[in-house]
Amino acid sequence: MQGKRGRPRSEQTQRSILEASYELLLEHGFGAVTVEKIADRAKVSKATIYKWWPNKAAVVMDGYLSAASERLPVPDTGAVYDDVIQHASNLARFLTGREGSILAQLVGEGQFDSGLAEAYRERYFQPRRQEARRLLERGIQRGQLKAGVEADTCIDLIYGPIFYRLLITGARIDGDYVERLVHMAFDGIRT
């Protein structure tokens, strides 16, 4: 009985910590966020944060992801081409908004903070790649893509240029650009 009472409080405490870390990230950027500031905003101790997260980078990434995950649904329209267009378009819209500028900042900071780089690779990029991989594997299973298609290479072909524009060139990322990317990639992988 006692375990049941403690669990919702733990979930509520974790949610408060994640919200506090995300708010601080939005307000001040990653460099200015500290575990102390997160603890203060969430009204918990630093020990409470360290109970669930190994470092600042991990809690900030989880806060970022919990706030952003609802905006990146994984579609299943029955057509892999449409699914990938929708998935990549959702990502492009997300990246061109406030969250995208935060992600770019996190990637930049990650060049000097290996803990942060590991956290965004593990908590943000790998799950997104896994979603895209599932979309492509579903397309192979449905016979919409060639058997033996290398999913990871296709993911790099479709999603890599989006991140290249976000992080390197600063060129426009819009629906037309995403459609052209997907169309070109699918020219080589469709059955």
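These are my notebook entries on what I looked up in this predicted model.

**Ground rules**

I number residues from 1 along each chain as its sequence is written, and I work from a predicted model in which local features need pLDDT of at least 70 and side-chain atom pairs count only at pLDDT 80 or more, while totals for chains, interfaces and linings use all residues. Side-chain values use heavy atoms, with hydrogens and water left out.

**Entry 1: overall layout**

I started with the secondary structure. The protein has nine helices and zero strands; helices (H or I, at least four residues) and strands (E, at least two) are DSSP runs numbered from the N terminus. Along the sequence I read the pattern α-α-α-α-α-α-α-α-α.

I then looked up the extent. Taken along the principal axes, the C-alpha atoms fill a box of roughly 55 × 45 × 25 Å.

Of the 191 residues, 41% are buried. Buried means under 20% relative accessible area, exposed means over 50%, and partly exposed lies in between (1.4 Å probe, protein chains only).

I also checked the contacts, meaning heavy atoms within 4.5 Å. Among contacts between residues at least 6 apart in sequence, 66% join residues at least 24 apart.

**Entry 2: charges**

I found 27 positive and 25 negative side chains, and the centres of the two sets lie 5 Å apart. Lys and Arg count as positive, Asp and Glu as negative, and His and the chain ends are not counted. The place of a charge is taken as NZ of Lys, CZ of Arg, CG of Asp or CD of Glu.

**Entry 3: salt bridges**

Side chains of opposite charge can pair when their charged atoms come close. I looked up how many salt bridges the structure holds, and there are 12. A salt bridge is a side-chain nitrogen of Lys or Arg within 4 Å of a carboxyl oxygen of Asp or Glu.

Asp62 pairs with Arg123, and their closest N and O atoms are 2.6 Å apart. Asp62 sits in helix H4 (residues 56–68) and Arg123 in helix H7 (residues 114–141), so this pair ties together parts that are 61 residues apart in sequence. Arg123 counts as partly exposed because its relative accessibility is 23%.

Next I looked at Arg129. Asp152 forms a salt bridge with Arg129, with the closest N and O atoms 3.3 Å apart. Asp156 is in helix H8 and Arg129 in helix H7, so the pair ties together parts that are 27 residues apart in sequence.

Arg129 is partly exposed at 22%, Asp152 is partly exposed at 37%, and Asp156 is partly exposed at 44%.

I also found a network of salt bridges that links Asp76, Asp83, Arg138 and Arg142.

**Entry 4: Lys43**

Most residues other than glycine have a negative phi. Lys43 is not a glycine, yet has a positive phi of about 60°. I located Lys43 in the loop between helix H2 (35–42) and helix H3 (46–52). Lys43 counts as exposed because its relative accessible area is 73%.

**Entry 5: helix H6**

Gly100 lies in helix H6 (residues 98–110). Is Gly100 buried or exposed? I noted it as buried, with a relative accessible area of 0%. Leaving out residues up to four places away in sequence, Gly100 touches Tyr64, Phe94, Leu95 and Leu166.

Glu99 is also in helix H6, and is buried at 9% relative accessible area. With the sequence neighbours up to four places away again left out, Glu99 touches Tyr22, Tyr64, Ala68, Arg71 and Phe94.

From Gly100 I went to Leu167. Their C-alpha atoms are separated by 9.5 Å, and the two residues are 67 apart along the chain. Leu167 belongs to helix H8 (residues 151–169) and is partly exposed, with 34% relative accessibility.

Tyr164, Leu167 and Ile168 make a nonpolar surface patch of about 310 Å². Patches are made of residues with over 30% relative accessible area and no salt bridge; like charges are joined within 9 Å, and nonpolar side chains (Val, Leu, Ile, Met, Phe, Trp, Tyr) within 5 Å.

Key
Accessible areas come from the Shrake-Rupley method with a 1.4 Å probe; for residues, only the protein chains shown count as cover.
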